[in-house]
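User: I have a model to go through. Can you take me through its confidence, a sheet and a helix?

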Amino acid sequence: FYSHVSTRLKQLTKQLDSLRYQNLHRRRPYIRYTQRGVRFSAKSPSHHDFSPPSAALLILSSSNSSFSSMSALSAPPSLGAFLLSRSPPTPSSTWIREMTKDVAAYSGVYNTVLKGKGGKEVKVAIEEDYSSISKRVWDCSVLMSHQLLHCHLNPSPLSLASRSVLDVGSGCGLLPICLSKFGQLGAKECGHLVATEYQDGILEHLGGNVAANGGGVEVRHLDWFDPKSVFDAAAEVDTVMMSDCTLDPSESPAIVTAFEEIVVASWKGKAAAAESSGRRTDVLVGVCVERAGTVSFLSLARERFLVTKLESFHPEYRPELNGKERYAVYHMALSKKVLRERLGEEVTPEGEYSLEGYELLD
């Protein structure tokens with residue numbers, strides 16, 4: 001019996017390896033096995049997308065095997081352990097939902113709990129709607145929310161205490177809504193918070209989530225393709241944010257230009273000194289490294305901004321999935337050259353500033 005099973009397992013392993021190679025090197029519809037069942041996709045999978053079915057399942061379903069009706073529980077412990085090792089892997093980050101590709105995961109209410117000092121907790125509930133990508137909670141916004149809370153509660157140059165924030169492309173509003181709760185977690189409150197979107201239906205959905213979570217966030221229209229709406233939103237803001245909006249490479253120039261215009265307008269509004277907050281206007285951007293527009297966005301941003309990749313994250317919310325980086329968060333500050341180019345003699349900065357304490361550099 002054991003000899004037969006061992007031989008069968010070797011045959012199945014070769015078949016699985018062959019299937020894995022074919023799926024990784026051919027752009028054609030393929031079967032993808034997940035813990036939620038079998039799914040079909042027309043795109044070519046990445047390495048972490050393909051999880052082969054367990055060998056136990058194939059043995060039991062094989063019509064050529066005389067043991068097709070035998071339960072896997074009848075196998076000895078050593079063989080059982082081997083069979084279990086062939087099961088689809090569980091993601092190391094349980095909060096990451098996107099890899100499930102499950103429509104139901106984005107329908108209903110998404111809940112997350114923010115944990116502060118002295119055991120204080122605040123629950124944030126976001127209504128989701130699968131009909132639009134702007135009405136779902138994306139993993140990158142979850143990562144940024146908890147990362148910024150972690151920095152806010154601990155000594156960090158990324159603390160948002162008393163700083164006004166403009167969130168660009170807020171979607172269903174998780175990130176700005178979470179920021180509005182920081183003052184309830186034993187830390188100093190953020191300054192004025194503004195969440196923005198560009199379509200009426202999305203703005204309505206965003207406003208509904210803000211209201212359902214107690215308000216504290218202003219909802220405004222901003223379309224990064226519309227210079228007037230960018231100018232109207234560019235008040236005296238301390239920090240500009242964006243989470244997971246680099247889907248389309250064609251939009252990267254407009255996004256980078258919008259960031260530059262907002263920062264320059266804020267500089268002018270604060271008379272270059274930023275005395276109200278002690279820091280100049282900066283930008284925080286969270287990206288999914290696998291999005292089509294991420295590379296082009298970062299390339300264009302580095303032409304105008306001093307871009308620094310952040311390495312500090314909440315211990316329970318990491319940017320890796322199965323040992324591979326999936327998300328990244330960047331701090332961006334307009335370079336000294338661009339500031340002088342844009343502001344001239346009206347505002348002449350003394351130097352650039354870095355992430356480490358935002359100190360001026362000659």
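Questions and answers on this model follow.

Analyst: This is a predicted model, where local features need pLDDT of at least 70 and side-chain atom pairs count only at pLDDT 80 or more, while totals for chains, interfaces and linings use all residues. Residues are numbered from 1 along each chain as its sequence is written, and side-chain values use heavy atoms, with hydrogens and water left out.

User: Which element has the highest mean pLDDT?

Analyst: pLDDT is the predictor's confidence in each residue, from 0 to 100. Helices (H or I, at least four residues) and strands (E, at least two) are DSSP runs, numbered from the N terminus. Strand E1 (residues 30-34) has the lowest mean, 34. The highest, 97, belongs to helix H5 (residues 174-179).

User: Which strands are the edges of the 7-stranded open sheet?

Analyst: Strands pair if DSSP finds at least two bridges between them. The order is E7-E6-E5-E8-E9-E13-E10, with mixed pairing. Two strands pair on one side only: E7 (218-221) and E10 (305-309).

User: What is the bridge partner of Leu 166 in E6?

Analyst: Strands E5 (residues 165-168) and E6 (residues 193-197) run parallel, joined by 3 bridges. In E6, Leu 166 is partnered by Val 194.
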